[in-house]
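Visitor: I would like to learn how to read a few features of a protein model. Please show me the structure, and then we can start with accessibility.

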Amino acid sequence: MAMVGLFWIAEGDVYVGSKPSGLAPGVRLTPDGVTGLGHPQSGLWLWDDVESLTVEDVPLKSLKRHVGVVVEMALSMGLGGGQDAEGTMTVCVGTADEEIELTTYTAAASGYSQTEYDLSRALLSRLTDGAATMMTTLAAMAEWGRSHEGGTPRRDERERLLREWADGQNAPHA
């Protein structure tokens, strides 16, 4: 399992945000379409119908956010209370008829870098460019996930992968 930009790649599965467990909300990208997971947002939106795919409420890295996460963790561990330090994002799936808002948890507790956010947005946009583009891009992401071991790569490697996937340079990397 590894985080690359806004994506969580676990073996061959690609998620926007973190991989959910149980009834927790999440969003999975499959060759068939965008899948809403968890209660009450389960559903499938086929790629043929998806015209846009964006993410809102993305926490960006900042010193203020980092300090806030550390304080929240200290409060929740030290006092047995506090709220979940992991926030949520909204994945917007646009079709010809409607815009669906799906909730997913962030995978980066202290936020995402501006560069990773921008590259992830470009990659999400690329996924709506047509079936061939979507299939090769998702296949490259899934193949990387299946062949990658050892957790989340360093920032420069994550940015390189996002650039390759967003630019259509889909050769798998180990």
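Guide: A residue is called buried under 20% relative accessible area, exposed over 50%, and partly exposed in between. The model shown here is predicted. Thr 152 has a relative accessibility of 35%, so Thr 152 counts as partly exposed.

Visitor: Where does Thr 152 lie in the chain?

Guide: Thr 152 sits in the loop that links α3 (131-147) to α4 (155-167).

Visitor: Which residues does Thr 152 touch, leaving aside those up to four places away in sequence?

Guide: Contact here means heavy atoms within 4.5 Å. By that criterion Thr 152 touches Met 1, Ala 2, Met 3, Trp 8 and Arg 158. Take Trp 8: 144 residues separate Trp 8 from Thr 152 along the chain, yet their C-alpha atoms are 9.2 Å apart.

Visitor: How much of the contact count in the whole chain comes from residues 24 or more positions apart?

Guide: Among contacts with a separation of 6 or more, such pairs account for 60%. As for burial, 44% of the 174 residues count as buried. The accessible surface is about 8,900 Å², and carbon and sulfur atoms hold 50% of that area.

Visitor: Which elements make up the chain, and in what order do they run?

Guide: There are 4 helices and 9 strands. From the N terminus the order is β-β-β-β-β-β-β-α-β-β-α-α-α.

Visitor: How should I read a sheet?

Guide: Strands of a sheet pair through backbone hydrogen bonds, either parallel or antiparallel.

Visitor: How many bridges join β7 to β8?

Guide: The antiparallel strands β7 and β8 (residues 88-94) are joined by 5 bridges. To find a facing pair, look at Glu 56, which stands opposite Thr 90 in β8.

Visitor: What does the pLDDT say about the chain?

Guide: pLDDT is the predictor's confidence in each residue, from 0 to 100. The chain averages 85, and 83% of the residues score at least 70. Over residues 73-85 the pLDDT is below 50, and this stretch has 10 contacts in the model beyond near neighbours in sequence.

Notes. Residues are numbered from 1 along each chain as its sequence is written. This is a predicted model: local features need pLDDT of at least 70, side-chain atom pairs count only at pLDDT 80 or more; totals for chains, interfaces and linings use all residues. Side-chain values use heavy atoms; hydrogens and water are left out. Helices (H or I, at least four residues) and strands (E, at least two) are DSSP runs, numbered from the N terminus. Buried means under 20% relative accessible area, exposed over 50%, partly exposed in between (1.4 Å probe, protein chains only). Accessible areas come from the Shrake-Rupley method with a 1.4 Å probe; for residues, only the protein chains shown count as cover. Two strands pair if DSSP finds at least two bridges between them.
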